[in-house]
Amino acid sequence: MINGSKQMRRLTNLMPMIGRFHLHRAFSVHILDAKSPSSMLARGVTSPIKDLRVRLATEKSFFRHIDAVPLTACLGAEISGVDLSEKLSEDIVEEIWNSFLLFGVVFFRNQNLSPSQQVELAKRFGEVDRHPIVRGLDENPDVLQIIREAGEQTNFGETWHSDNSYMLEPSLGSILHAVEIPPVGNDTLFSCAYSTYESLSPKLRAVLENLYAVHTAGEAFNPNSVSGGSFDNPESTMKYQKAQELVSHALHPVVRTHPETGRKALFVNSMFTTNFEGMTRKESKPILDFLYEQTGKPEFTCRFRWQTGDVAMWDNRAVQHVAIGDNSSHRRVMNRVTLKGDKPY
């Protein structure tokens with residue numbers, strides 16, 4: 001698990017590499033030493049971070065221990081040269097985390113991970129966060145197994161969301177391992193919440209930065225219409241349990257500041273957000289619907305086509321995702337582990 005000092009070292013190590021690309025505003029990291037060659041990053045001179053991602057598509061020496069190839073100019077990268085089932089060195093863990101912060105979501109092909117190995121991998125990056133409503137595996141409760149049987153019409157995660165945003169301290173990140181995948185379809189879309197926020201007009205941004213939104217699990221996990229599981233049926237492939245989160249709610253800023261990068265991101269989603277604090281649902285709906293529409297814009301997204309063994313690792317503080325349920329004729333099994341986060345600000 002990475003503590004604060006290691007986290008600081010990781011981010012500080014990333015800055016000189018970014019400096020090589022003359023990218024002056026990639027992160028607003030507050031831990032930079034004023035004498036650092038890349039301290040200009042903290043002063044906020046202006047070149048968009050996506051320029052760096054574009055350069056990375058051809059630059060081969062940015063990372064020393066891994067290869068990271070961007071999927072789009074906005075977010076996402078495929079990492080190679082790493083076997084996640086092995087005990088990773090601190091250097092590799094640092095570079096994976098740096099790529100995680102830089103790209104928002106990273107992908108690893110053809111990984112052979114047991115549930116226990118997936119949990120141990122997660123612990124290299126933080127503290128594991130157990131799902132409060134959906135039961136994990138009997139033999140490893142920290143692993144949430146997401147199953148869609150052939151013929152099922154419901155689909156877990158079928159609208160845009162950030163994992164567990166209904167919690168007072170939403171999950172920092174998620175690690176998803178593909179156990180059984182259809183021959184085609186059921187991809188996952190990811191969207192960059194930084195870009196969604198930055199695309200808004202200055203006036204709308206100023207309004208949103210003063211608002212809080214209500215997040216709740218009570219509708220997404222409604223016992224009468226749960227997606228892909230059941231509270232009562234012992235034969236159900238996914239089992240839900242009654243929890244306080246079903247009747248409670250959390251208030252979060254509509255625009256949150258990423259605690260590690262310092263960048264601002266839109267933090268409302270169509271699965272768990274119901275309304276703005278102090279406003280009715282009817283009053284909130286037009287603005288929320290507009291923000292949800294922005295989330296799904298193609299230029300802010302990347303699409304990942306799964307193969308058995310693939311692993312995705314994403315930052316819930318800066319990324320939303322949606323599971324595409326276009327193939328209901330084949331079984332799909334995914335193992336997910338989440339990392340504990342902190343209270344958004």
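Helices (H or I, at least four residues) and strands (E, at least two) are taken here as DSSP runs, numbered from the N terminus. This is a predicted model, where local features need pLDDT of at least 70, side-chain atom pairs count only at pLDDT 80 or more, and totals for chains, interfaces and linings use all residues. Residues are numbered from 1 along each chain as its sequence is written, and side-chain values use heavy atoms, with hydrogens and water left out.

Let's look at the holes inside. A search of the whole structure turns up four cavities of 30 Å³ or more. A cavity is a set of points, on a 1 Å grid over the protein atoms alone, where a 1.4 Å probe fits but cannot get out; its lining residues have an atom within 4 Å of a point. Points are joined across faces, edges and corners, and the volume is the space filled by probe spheres set on them.

The largest cavity holds about 120 Å³ of space. It has 13 lining residues, and I146, F156, L176, H321 and A323 sit closest to its centre. Two elements, β15 (319-323) and β16 (332-339), each give two or more residues to that lining, with β16 giving the most, three. By type, the lining splits into six nonpolar, four polar and three charged residues (nonpolar: Ala, Val, Leu, Ile, Met, Phe, Trp, Tyr, Cys and Pro; charged: Asp, Glu, Lys and Arg; polar: the others, Gly among them).

Now for the second largest cavity, with about 60 Å³ of space. Here β16 again supplies the largest share of the lining, three residues. Among the lining residues are D129, R130, H131, R336, V337 and T338. This lining divides into five nonpolar, three polar and four charged residues.

Note on methods: 1 Å grid on protein atoms, 1.4 Å probe; cavity = no way out; pocket = protein on both sides within 12 Å on 5 of 7 lines; lining within 4 Å.
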